[in-house]
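Q: I would like to learn how to read side-chain contacts in a protein model. Could we go through them one kind at a time?

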Amino acid sequence: MERYFNTEGRCKHKEHYMVNLDSRLSRIKKLFVDRGKYFAINRGRQYGKTTTLMALAEYLQADYFVLAMDFQLIGTEEFANTAVFVRAFVRLLKKAASRWDLKKGWKLEALLEEISDVSTNRTLGELFVLLSRICEHAPKPIVLMIDETDSASNNQVFIDFLSQLRGYYLDRENSPIFHSAVLAGVYDIKNLKLKIRHDGEHQYNSPWNIAAEFDLDMSFSVTEITDLLNDYENDHHYGIDTCKAAAEIYAYTSGYPYLVSAICKYLDETLPCRKGFESMERVWTKEGIIQAVNSLLKKRISLFDSMARQLGLYPDLQNILKQMIYEGKQFPYSPAERAMNLGVMLCYLKEENGHIVMANRMFEMYLLNLFITQESLKSRSFSCGERDRNQFIKDGRLDMELVLQKFVEHFNDIYGGSGEQFAEAYGRKFFLLYLKPIINGTGNYYLEAQTRDARRTDVIVDYAGEQFVIEMKIWHGNEYKERGEKQLSEYLDYYRQKKGYLLSFNFNRKKEPGVKRILVDGKMIIEAVV
């Protein structure tokens, strides 16, 4: 069977193009499993947790017996009480142990039969006595793996299960138990809101406090994406510049596993033979990747749908994201801050140099579109952009200079007397609201992370294969303005552009609103002042 890029469930090397996991599996084995650690793999949705876990199970087979379970296979009703849960757990245990290569006559075989007898109501204590005997007589150390623990983690019986596991872990010199245990899911068990005990007491402290910190990077590096594309190119011989394509894919995804696979899948299966992409060599270019990104952002993808739901549930997190995107606010990272920690746990945010930043460009583009859409119905800026949009496209190209001219007119008419504090907080948002309906359907935009702060934000607009670099600044005197022009000129070199755009929000009463052209270091800069 010909391999393909997979975005649905677990990836398998023989069936799918995938990043080689051997180096990270080796590190997990060395740093955690071989040392007998109990740990959790908590990452955002579709981050490759199941793929990594199943690959790890195969990787460990030479040295360990692996009990690999998926708690999605335990129904909600099976967490109702201990006896029902024990039967469900034993069912999964039998299925997992059936993959072991057992010799006849081993005591382990008899113990597995004994634990299968669940005709009477067993307690968790009785279950763990049998589990301890199995671990004691196994010819190889046993590693327990439980995937999708989110299915169980808000149930008291699961907390009691973890308590038993913790107790045996602390006394494993006297009471044999699993050599290592791995729990995988989106949410960190230590941070979950748990159900109330029957006696009315809350269980706030998770018994999973024995877990070692799992801080290995599971995202894909540029090198790993390049190797992935080299594997694909070696099969097809399309003439792809795999290094450039990998760097461009990484620029949008920061190596988020699902997003990498989704872009590659679109380029391989959907984009070929469309106008301008008649050859596969042309498909796997910057222009093709931009097409893939724009297409994915318009689709109902479960990863994005989940993000929208989470923001609805956690308005504090949504507020942080809006301030970062609209106002360029920078927040110092603190794991004790609940909303911030949730954003990192869900992989929407990440810590970088002591601050939180967006996890990747595609997430920011999605959130920017989401927030703009939510505000568009009540926004006069959006209405103006929608009304004006037909005049900005000439021969299929976007006239960005005219966009700035019209925005200056509208902004001064609508918001001109609102004051400095108002414009600092909302000015950039209103420009994005105005721009959205103009490029909608054909183009897209994102905020450049390298230059974003409270005073400066660069917007990169992609429209019909053409890029526009727009710097939005809060005006703080002529010297600061001139420095901004110089910065923009240097930044244009990075994007290989000869023309850039500068939008200044100026609160000086003697300002002259409007648009003018200036030449800086051989670059044409269109400067708009509101």
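A: We start with salt bridges. A salt bridge is a side-chain nitrogen of Lys or Arg within 4 Å of a carboxyl oxygen of Asp or Glu. By this rule the count here comes to 18 salt bridges. This is a predicted model, where local features need pLDDT of at least 70 and side-chain atom pairs count only at pLDDT 80 or more, while totals for chains, interfaces and linings use all residues. Residues are numbered from 1 along each chain as its sequence is written, and side-chain values use heavy atoms, with hydrogens and water left out.

Q: What is the N to O distance in the salt bridge of Lys265 and Glu269?

A: The distance is 3.3 Å. To place the pair, we use helices and strands, which are DSSP runs numbered from the N terminus (helices are H or I, at least four residues; strands are E, at least two). Lys265 and Glu269 stand 4 residues apart in helix α9 (residues 257-269), so about one helical turn separates them.

Q: Is Lys265 buried or exposed?

A: Buried means under 20% relative accessible area, exposed means over 50%, and partly exposed lies in between (1.4 Å probe, protein chains only). Lys265 has 18% relative accessibility and therefore counts as buried. Glu269 has a relative accessible area of 44%, so Glu269 is partly exposed.

Q: Which helix holds both Glu409 and Lys406?

A: Both lie in helix α17 (residues 400-415), 3 residues apart, about one turn of the helix. Glu409 is partly exposed at 41%, and Lys406 is partly exposed at 22%.

Q: Where do the partners lie in the salt bridge of Lys523 and Asp493?

A: Their side chains meet at 2.8 Å, N to O. Lys523 belongs to strand β14 (residues 523-529) and Asp493 to helix α19 (residues 478-494), so this pair ties together parts that are 30 residues apart in sequence. Lys523 is buried, with 7% relative accessibility, whereas Asp493 is partly exposed at 47%.

Q: Which residues are linked in a network of salt bridges?

A: Arg3, Asp231 and Asp235 are linked in such a network.

Q: How is a pair of aromatic rings described?

A: The distance of the centres and the angle of the planes describe it. Rings of Phe, Tyr and Trp (its six-membered ring) pair if their centres lie within 6.5 Å; planes under 30 degrees apart count as stacked, over 60 as edge-to-face and the rest as tilted. In this structure the rule gives 37 aromatic pairs. One of them joins Tyr491 and Tyr494, which are stacked at 5.7 Å centre to centre, with 15 degrees between the planes.

Q: Where do Tyr491 and Tyr494 lie?

A: Both are in helix α19, 3 residues apart, about one turn of the helix. Tyr491 is buried at 8%, but Tyr494 is exposed at 52%. Tyr494 also pairs with Tyr495 in an edge-to-face arrangement, 5.1 Å centre to centre and 75 degrees between the planes. Tyr495 is buried, with a relative accessible area of 10%.

Q: Which residues do ring pairs link into a cluster?

A: The cluster consists of Phe71, Phe79, Phe85, Phe89, Phe128, Phe158, Phe161 and Tyr168.

Q: Which ring does the charged end of Arg361 sit over?

A: A charge sits over a ring if NZ of Lys or CZ of Arg is within 6 Å of the ring centre and within 35 degrees of the ring normal. The charged end of Arg361 sits over the ring of Tyr252, 4.7 Å from its centre. Lys322 lies over the face of Phe371, 5.2 Å from the ring centre.
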